[in-house]
Amino acid sequence: QVQLVESGGGLVQPGGSLRLSCAASGNGFRINAMGWYRQAPGKQRELVAIITSGGTTNYADSVKGRFTVSRDNAKNTVYLQMNSLKPEDTAVYFCNADGTTTTLNRFDSWGQGTQVTVSS
């Protein structure tokens with residue numbers, strides 16, 4: 001089983017920046033895509049950004065030009081650099097990773113979520 005642990009959330013003023021991190025741990029796995037999703041109160045969970053093992057990225061239109069997703073494959077860690085934050089970015093941010101184990105079982109794991117609040 002692959003576990004994901006997020007860090008880096010918090011309270012920031014509009015226009016500020018935050019960097020989220022998510023580290024995967026477990027035995028015998030290979031990660032394909034890693035990404036970030038968010039869920040605001042009363043809304044459905046939505047994709048924020050995703051990055052494949054080869055470095056291909058995809059972003060929600062609402063964050064393009066402001067957020068940057070990156071990963072360190074050696075550390076099984078994905079990052080989300082968030083700049084020019086807006087109040088509407090306030091949400092719980094979840095890390096996600098999918099891939100296969102050495103026994104060729106697929107996995108699709110989620111982190112516990114980290115709160116990001118953008119407010120003056």
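A residue is called buried when its relative accessible area is under 20%, exposed when over 50%, and partly exposed in between (1.4 Å probe, protein chains only). This is a predicted model, in which local features need pLDDT of at least 70, side-chain atom pairs count only at pLDDT 80 or more, and totals for chains, interfaces and linings use all residues. Residues are numbered from 1 along each chain as its sequence is written, and side-chain values use heavy atoms, with hydrogens and water left out.

**View 1. Threonine 101 is a buried residue of strand S9.** Its relative accessible area is 17%, so threonine 101 counts as buried. Strands (E, at least two residues) and helices (H or I, at least four) are DSSP runs numbered from the N terminus. The side chain of threonine 101 makes a polar contact with the side chain of threonine 103, at 2.8 Å. A polar contact is a pair of N or O atoms within 3.5 Å; within protein, one must be able to donate a hydrogen and the other to accept it, and residues adjacent in sequence count only if both atoms are side-chain atoms. Leaving aside residues up to four places away in sequence, threonine 101 touches Gly28, Phe29 and Phe107; contact means heavy atoms within 4.5 Å.

**View 2. A disulfide joins cysteine 22 to cysteine 95.** A disulfide is a pair of cysteine sulfur atoms within 2.5 Å, and here the S to S distance is 2.1 Å. Cysteine 22 lies in strand S3 (residues 18–25) and cysteine 95 in strand S9, so the pair ties together parts that are 73 residues apart in sequence. The torsion about the S-S bond is about -80 degrees, which means the disulfide is left-handed. Both cysteine 22 and cysteine 95 are buried. A search of the whole structure finds one disulfide.

**View 3. Four strands form an open sheet in the order S1-S3-S8-S7.** The pairing is antiparallel, where two strands pair if DSSP finds at least two bridges between them. Strand S1 (3–7) and S7 are the edge strands, each pairing on one side only. From one strand to the next, the twist averages 15 degrees; axes are lines fitted to C-alpha atoms, for helices over the stretch in contact, and angles run from 0 to 180 degrees between N-to-C directions. S7 and S8 are joined by six bridges, and threonine 68 stands opposite glutamine 81 in S8.

View 4. Five bridges join the antiparallel strands S4 (residues 29–39) and S5 (residues 46–51), with arginine 38 partnered by glutamate 46 in S5.

**View 5. Asparagine 76 has a positive phi although it is not a glycine.** The angle is about 50 degrees. Asparagine 76 is found in the loop between strand S7 (67–72) and strand S8 (77–82). This residue is partly exposed, at 26% relative accessible area.

**View 6. Leucine 104, not a glycine, also has a positive phi.** The value is about 65 degrees. Leucine 104 sits in the loop between strand S9 (91–101) and strand S10 (106–110). With 70% relative accessibility, leucine 104 is exposed.
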